[in-house]
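Biologist: I'd like to learn how to read helix packing, a nonpolar core and a loop residue. Can we go through them together?

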Amino acid sequence: MLVLGTGTGVGKTWVTARLIERLRRDGLRVAARKPVQSFEPGERTDAEVLGCASAERPEDVCPSHRWYPLAMAPPMAAEALGRAAFRISDLIGELTWPDGVEVGFVEGVGGVRSPVAVDGDAVALADALRPDSVLLVAAAALGVINLVRLSAAAVDHPDPLVHLNLFDPTDDLHGRNRDWLVRDGLSVETSIEALGRRLSPRR
Ligand SMILES: [Mg+2]
């Protein structure tokens, strides 16, 4: 499953980590990959958060030479840090999985059109990876319909699963946003529990 976002900071990593924990509780063998990450030095990285959830080393989640300690899009961070440029095919070529994995998550970077490598964004990553499923994480609040429509249209996948993060069932707007997206024909979930049920064949 490729995890994409409608923007940066919408909760891709948090949602993926909670979903991994949920599936592991069901006994599924799950692994997480972050092909490349850039970050503010001193902050907990996505590879560390995901690895904590999947019981993997952060360097197995994201190879250590793909850690860029500068809060910019990864290919920009590489350039600014004087490190070598890399392409989408480099990232795909570095992806490896442990034996017996039943659900493998790949977290993208930023929003769907944010640069991932010097030659492509998350749409290009999805084209190269050909994931079985795409999870599009969005914030449930005002503006989400526009962002989900633009993002889902950009990603060439027949049935992306939309997760509305920080969904508050008592918030009338959140509920109406969800209903509107469902009327668009999208598959929409609003809780980790419901996402887990979709992915866990044992429940
Ligand atoms: Mg993240």
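This is a predicted model: local features need pLDDT of at least 70, side-chain atom pairs count only at pLDDT 80 or more; totals for chains, interfaces and linings use all residues.

Biologist: How are two packed helices described?

Modeller: In general, you give the angle between their axes and the distance between the axes. Here, helix H1 (residues 12-25) packs on helix H9 (residues 192-199) at about 55°, and their axes are 9 Å apart. Angles of 65 to 115 degrees would count as roughly perpendicular and those under 35 as roughly parallel, so H1 is oblique to H9. The crossing of H1 past H9 is right-handed.

Biologist: Which residues of H1 and H9 meet?

Modeller: From H1 you have Val-15, Arg-18, Leu-19, Arg-22 and Leu-23, and from H9 come Ile-192, Leu-195, Gly-196 and Leu-199. Sorted by class, that contact has six nonpolar, one polar and two charged residues.

Biologist: Now the core. Which residues have the most contacts inside the largest nonpolar core?

Modeller: Those are Leu-4, Ile-20, Leu-136 and Ala-138, in a core of 55 residues. Strand E8 (residues 134-139) gives the largest share of this core, with six residues. Take Ile-20: beyond its neighbours within four places in sequence, its contacts are Val-30, Ala-32, Ala-53, Ser-54 and Phe-105.

Biologist: And the loop residue: where is the place of Asp-119?

Modeller: Look in the loop between strand E6 (115-117) and strand E7 (120-121). Asp-119 has 14 other C-beta atoms within 10 Å, so Asp-119 is partly exposed. Leaving aside neighbours within four places in sequence, Asp-119 is in contact with Arg-87 and Ile-88.

Key. Residues are numbered from 1 along each chain as its sequence is written. Axes are lines fitted to C-alpha atoms, for helices over the stretch in contact, and angles run from 0 to 180 degrees between N-to-C directions. Helices (H or I, at least four residues) and strands (E, at least two) are DSSP runs, numbered from the N terminus. Angles under 35 degrees count as roughly parallel, over 145 as roughly antiparallel, 65 to 115 as roughly perpendicular and the rest as oblique. A crossing is left-handed if the near helix is turned anticlockwise from the far one by less than a right angle, and right-handed if clockwise. Two residues are in contact if their C-beta atoms, placed from the backbone, lie within 7 Å. Ala, Val, Leu, Ile, Met, Phe, Trp, Tyr, Cys and Pro count as nonpolar, Asp, Glu, Lys and Arg as charged, and the others, Gly among them, as polar. A nonpolar core is a set of buried Ala, Val, Leu, Ile, Met, Phe, Trp, Tyr and Cys residues joined through C-beta atoms within 7 Å. A residue is buried if 20 or more other C-beta atoms lie within 10 Å of its own, exposed if 12 or fewer, and partly exposed in between; C-beta atoms are placed from the backbone.
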